[in-house]
Amino acid sequence: MNHDKDTDDFWSAISRIEISVKNSQNDIRKLYLHSTRQEIAIESLNEKIDANRQEVRQYQQENRERFDKIENILQENHERFDKIENILQENHERFDKIEDTLVVIVNHLQK
């Protein structure tokens, strides 16, 4: 009987080892599938990040172009205002001369 018990214990131990190996293999498969899913998810996220980066770069480029246009318009307007300021200054000087001349004429006529 002892012999049968040893044999049963032996086969029971082998059975437990087989079950343990199968469970380990299942866990390894699950881990592999989880790892694969993670890699796919990471790859998908990287693709989305790259697409978003490209959109941001395009948006920045469009804004740079718009700002450049605005800057050019502002520069042109600044130059126009400088010209207008110069014309006003010249007119002011002319009116001062006319005023001085009129004062001389009025003074001369009053004598």
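Helices here are DSSP runs of H or I with at least four residues, strands are runs of E with at least two, and both are numbered from the N terminus. The model is a predicted one, in which local features need pLDDT of at least 70 and side-chain atom pairs count only at pLDDT 80 or more, while totals for chains, interfaces and linings use all residues. Residues are numbered from 1 along each chain as its sequence is written, and side-chain values use heavy atoms, with hydrogens and water left out.

D50 forms a salt bridge with R53, and the closest N and O atoms of this pair are 3.8 Å apart, where a salt bridge is a side-chain nitrogen of Lys or Arg within 4 Å of a carboxyl oxygen of Asp or Glu. The structure holds 1 salt bridge. D50 has a relative accessibility of 45% and so counts as partly exposed, and R53, at 46%, counts as partly exposed as well; buried means under 20% relative accessible area, exposed means over 50%, and partly exposed lies in between, with a 1.4 Å probe and protein chains only.

Turning to the chain as a whole, its secondary structure comes to 1 helix and 0 strands. Its radius of gyration is 47 Å, well over the 13 Å that the globule rule gives for 111 residues, so the chain is more spread out than a compact globule; the radius is taken over C-alpha atoms, and the rule is 2.2 Å times the number of residues to the power 0.38. The C-alpha trace spans about 160 × 20 × 10 Å along its principal axes. Of the 111 residues, 1% count as buried, and the chain exposes about 11000 Å², of which carbon and sulfur atoms supply 56%. These accessible areas come from the Shrake-Rupley method with a 1.4 Å probe, and for residues only the protein chains shown count as cover.

The C-alpha atoms of F95 and N46, which are 49 residues apart along the chain, are separated by 72 Å, while V106 and I42, 64 residues apart in sequence, have their C-alpha atoms 93 Å apart in space. D27 and F95 are 68 residues apart in sequence, with 98 Å between their C-alpha atoms. D27 has its place in helix α1 and, at 48% relative accessibility, counts as partly exposed; V106 is also found in helix α1 and is partly exposed, with a relative accessible area of 40%.

The charges can be taken next. The chain carries 17 positive and 24 negative charges, whose mean positions are 3 Å apart; Lys and Arg count as positive and Asp and Glu as negative, while His and the chain ends are not counted. Each charge is placed at NZ of Lys, CZ of Arg, CG of Asp or CD of Glu. On the surface, E90, E93, D96, E99 and D100 gather in a patch of negative charge. Patches are made of residues with over 30% relative accessible area and no salt bridge, like charges being joined within 9 Å and nonpolar side chains (Val, Leu, Ile, Met, Phe, Trp, Tyr) within 5 Å. E93 lies in helix α1, which covers residues 2-110, and it counts as partly exposed at 42% relative accessibility.

A nonpolar surface patch of about 540 Å² is made by F95, I98, L102, I105 and L109.
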